[in-house]
Amino acid sequence: MTARSAGSGRKRRPTMADVARAAGVNPSTVSRALDDRHPFSRSASAERIRTIAQQVGYTPDPSASSLRRQSTRTVGVIVPRLTDTVMAMLYEEIAAACRGQGLLALVATTGDDPDEEEAGGRLLLERRVDAMVLTTARLDGAGTFIGTLADQEVPYALAMRTDGRGPAAVGDDRLGGYLATRHLIDLGHTRIAVVAGPSHASSALGRTAGFRAAMTEADLPVDDALVRVSGFSMESGEDAAAHILSHTPRPTAVLCVNDNTAIGVMAAARRQGLRIPEDLSLVGYNDTPVAARLPVPLTSVRVPFRDIAQGTVTLVQRAIDGKPPQTLTYAPTLIPRASTSRRS
């Protein structure tokens, strides 16, 4: 394969654009592949691009080589919001894990909105981050940014949530939901409600699946009217509790998929004159710092954020090296406190 200058019949020097067309990638991807200072250059995809470059006769222009993209030693991190304690804790752990590898973490928030994720992600890519971490993976097909990263061959990893395909470091959410429900069952509760979180989040679905597994194991019926889809906020917990606590007979215990929604349930219960745990046992999830410091300390499921963050950075490095995607799963721990008690 050779190139000729238009109208002259003279062979012209093949360009990076010629390599990109032959390889079916963007010129920026070719640039990263041919720059041995960039982590992507060590991947299998980069090796394929270098082979194609040789086939088309491309050789780098020495005068332009200094302009090729260098590794910036930065990782972009996308989170729904930093006002959420869980996301703030996770981001701090990811940033610390990055620092341990000589990397700088840059964050963008999305409000858990796919359009905002695309916009924030593109801004990070414009700052030439070497890789991306996303805590916003969805199972409902909304959003295309993960596809954008794959198309542009940008290394990435998912944290806390998974889309079921990409490299991900997550807690064992099903196990956590099971442990929380088993704790309530062992205390004598049989009518248990769930503030189930959003249906697009693998973390919420896993915790609810663990609840159902524990109920089935104990041969207890699940009243689907008491499994309420919600957001992850305190307000969502209040709204869900308003529905759950209006049912007759009322549940004697509630499992929440995070501590924020559990705090919302506490507020709703107090407005109805219900006492925790005398009238209503309550379990949260994530074991954020506030859980142990509430007026009634909250039983919660502790998530190993540091392990998840370190695993995420490991997956990012594997992606940079062109290694196959993995899912790393870390076990949670139930932390019993005063918000749960034996059913009287």
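Which residues are exposed on the other side of helix 9? They are Glu235 and Asp239, where exposed means over 50% relative accessible area, buried under 20% and partly exposed in between, with a 1.4 Å probe and protein chains only. The model is predicted: local features need pLDDT of at least 70, side-chain atom pairs count only at pLDDT 80 or more, and totals for chains, interfaces and linings use all residues. Residues are numbered from 1 along each chain as its sequence is written, and side-chain values use heavy atoms, without hydrogens and water.

**Helix 9**
- Helix 9 (residues 234-244) has Ser236, Gly237, Ala240, Ala241 and Ile244 as its buried residues.
- Because they cover an arc of only 130° around the axis, they lie on the same side of helix 9; the arc is that of the directions from the helix axis to the C-beta atoms.
- The buried residues of helix 9 pack against strand 8 (192-197), strand 9 (227-229) and helix 10 (259-271).

**Sheet**
- Helices (H or I, at least four residues) and strands (E, at least two) are DSSP runs, numbered from the N terminus.
- The order 4-3-5-6-7-13 describes an open sheet of 6 strands with parallel pairing, and two strands pair if DSSP finds at least two bridges between them.
- Strand 4 (104-109) and strand 13 (327-330) are at the edges with a single partner strand each, so one side of each has no neighbour in the sheet.
- Strand 3 (residues 74-79) runs parallel to strand 4, joined by 6 bridges, and valine 75 stands opposite alanine 105 in strand 4.

**Helix on the sheet**
- Helix 4 (residues 85-100) packs on the sheet and touches strand 3, strand 4, strand 5 (131-134) and strand 6 (156-159), contact being heavy atoms within 4.5 Å.

Conventions
Axes fitted to C-alpha atoms, helices over the stretch in contact; angles between N-to-C directions.
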